Amino acid sequence: MSSPSTTAEVTAADTAGRWPLLLLLASGLVWLVLSGVLALIASIQLHSPGFLADCESLTHGRVTALAETTFIYGWAANTGLGVALWVLGRLGGAPLRALNWAVVGTLFWNTGLSLGLVGIATGDATSFALLEMPRYVQPLLVAAYVAIGVSGILAWNGRRTDGTFASQWYAVAALILFPWLLIAAQTMLLWSPVRGVLQAVVNGWYVQSAFSLWLAPLALAGAYYVVPKATGRTLPSYDFASLSFWTLLFVGALTGGRHLIGGPVPAWIPTLANASCTMLLFHYAVVALNLRGAFSGGGTALRFISFGLVAYLLGAVLDAVTAFRGVALVTQFTYFATAQQQLALYGGISMFLFGSLYFAVPRLTGRAWASAALVRGHLALAMFGVLLLVVTLAAAGWTQGHDLNHAATSFADIAAHTRPWLLGATAAQASLLLGNLLLLVNFAISVSSVCCSAPAENSFRQPSTMEAHAS
Amino acid sequence: MMKNGFLFFIGLLAAFVFGWGGIALGSHLQLGALAPYYDDGEGSTFPARPQGLASRGQLVYADLGCASCHTQQVRRPDFGSDKDRGWGERQSVARDYIHQVRPQLGESRTGPDLANLAGRKAPYDGAELTQFLYTGIVPGTRVLNHPPYKFLFDERKIDGEVSANALALPASLAPAAGRQIVAGERARTLVAYLQSLNTPYEFPEARPVTPAASAKEGAHK
């Protein structure tokens, strides 16, 4: 890294928010590792159906739901909230207030999530994608999320600067919109369910909104903050950023119907999704223009973010392409859709979050990451894992899609044709799990050193030493 | 707008209402009051209400996450191979699902579509389905290609007569002499549900659009 123009790396906002924010980030990492174990089990079961088949709690349908729930509500939510609060505190220009609310909220959020997972494992799963947790924990989750968000909203309202920044818009949007989404979805699906196929429509709307109105804004809040900070340059084409922001918020949720092509729903839903996917490309193009500086910078954070940027864009293009009926004819209902989901959630969202995490943690602790080797190991395993996972699943899905359209090919044959690719996907899951374990260990050592030793003075003025180099 | 906190908040609210109102409420207004179809000729309404046992079976299906590998939506005959695979003569329509507490449309076809399982030309009977759930081996083949759900079954000592719900397993899978494998309550309801999956009635809106077809009333096919 050659442009360390940033000074005063650890601000008052960081010291005040250290433990509440580290609690959120630590929770996120523990859930990430757990979701990796569950995803590995689910992946093995796809090519070896007998694996753990006698364990009812880990039967394929349940373990898939458990892996997805831990990944989204454990890893992405905790980490994303930690990053969003940190960004809002720093840009607000004052230490975060109401952090005791955030701590209590974090504890309740993770308690609710744990209860929800026990519910899924013991037979209370709802069977709605991304809303698998039983309804008795859902109100708790809403309340906990609001409690965590209070700090961020106070920092936004009490900001001392005249202007606002893109990372603030995204962070505030995620804090405010998610409780509305969750309330609307659980009301229409769990408390007073709509009839028949409308459940699938509402579920599709919720899944897409959770991505476009919650997870993507959380991830972008971090990326829009870290890229200019780490490169020391202002963002290019910044004038378009607000238009891109509103495009994502208004159009994003309409793209959810692309999974219902050919289904027993009104045809305008997938058609609207098709058109919206293409319209939404404007948002992605502007994000690419804004964040392109990430490619020229060095350092761990920017490496993760530039990888995330490519995956985020590629995911959008694939979504737009597969929303056309001719392509969906092959890819719909196959592993190809799983590959797209993993590309967006792991390649896009998670890589952005990793980048923000690597940038934020040294500034919260006042110390560099404990081990540069562990950082390099995580970077390599994560990038390799995501690439392998997406490529193998896409190849498996393409094979499966063509086989499905050929009516004479039996399901036993399809399983045989996709098996080599699915074995590759299992290797990818193992690589991701190992990488994330390295990150968890490194995080634990780095944070525990705060209690045991005085900070090294030079790390304050040398941002380059704070982010262990990956090259 | 980005500087004014109030306007920004209104913008967020508008974005939420736009997506939620457009998709969730919009489709609800269109389909929320969809009624069963009354056939004058047959003097009854379609689709039929599911039996109690089948309804309970749907909850088992939902809880085990069967929808993570099976869809229950047949696509148009000219879109994909659904008809050629024998999954259904006609496409599924919204009316098929109105009595279902928790429709399981699904998003993945790792396994076959099940919307019409009981209505197919070569359906499995209840005993075959029950045995399949236990062994994970498709009748007539030897490969394990489905997770065996042994936890839905009990192994019991044969006390007097063999239970009516006992499985007739091949020698390689059979329990020790004097013992039997009996389908538990969940296995029985799940099988009842799977055997209730049938969409025989052709609704007017389910007919393929052809110039000659007069789409006035529905009929059994």
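In the predicted model, helix 2 (residues 60-92) of chain A and helix 6 (residues 198-231) of chain A have axes that come within 9 Å and cross at roughly 45 degrees, where axes are lines fitted to C-alpha atoms, for helices over the stretch in contact, and angles run from 0 to 180 degrees between N-to-C directions. The two helices are therefore oblique to each other, given that angles under 35 degrees count as roughly parallel, over 145 as roughly antiparallel, 65 to 115 as roughly perpendicular and the rest as oblique. Helix 2 of chain A passes helix 6 of chain A in a left-handed crossing, a term used if the near helix is turned anticlockwise from the far one by less than a right angle. Residues that make this contact (heavy atoms within 4.5 Å) include Trp86(A) and Arg90(A) of helix 2 of chain A, and Trp214(A) and Tyr225(A) of helix 6 of chain A. By class, 16 nonpolar, two polar and one charged residues take part, with Ala, Val, Leu, Ile, Met, Phe, Trp, Tyr, Cys and Pro counted as nonpolar, Asp, Glu, Lys and Arg as charged, and the others, Gly among them, as polar.

Helix 2 of chain A also packs with helix 1 (residues 12-47) of chain A, at an angle of about 160 degrees and with the axes 7 Å apart. That angle makes the two helices roughly antiparallel. Helix 1 of chain A passes helix 2 of chain A in a left-handed crossing, and their contact has 22 nonpolar, twelve polar and two charged residues.

In chain B, helix 2 (residues 52-63) has twelve residues that should span 16 Å at 1.5 Å a residue, which agrees with the 17 Å between its end C-alpha atoms; the expected span is 1.5 Å times one less than the number of residues. Among the buried residues of helix 2 of chain B are Gly57(B), Tyr61(B) and Asp63(B), buried meaning under 20% relative accessible area (1.4 Å probe, protein chains only). The buried residues of this helix pack against helix 2 of chain A together with helix 4 (185-196) of chain B.

Pro147(B), found in the loop between helix 3 (126-135) and strand 3 (153-157) of chain B, counts as buried at 17% relative accessibility. Not counting residues up to four places away in sequence, Pro147(B) touches Pro49(A), Leu133(B) and Gly136(B).

Helices (H or I, at least four residues) and strands (E, at least two) are DSSP runs, numbered from the N terminus. Residues are numbered from 1 along each chain as its sequence is written, and chains are lettered from A in the order in which they are written. Local features need pLDDT of at least 70, side-chain atom pairs count only at pLDDT 80 or more, totals for chains, interfaces and linings use all residues, and side-chain values use heavy atoms, with hydrogens and water left out.

How values were computed. Buried means under 20% relative accessible area, exposed over 50%, partly exposed in between (1.4 Å probe, protein chains only).
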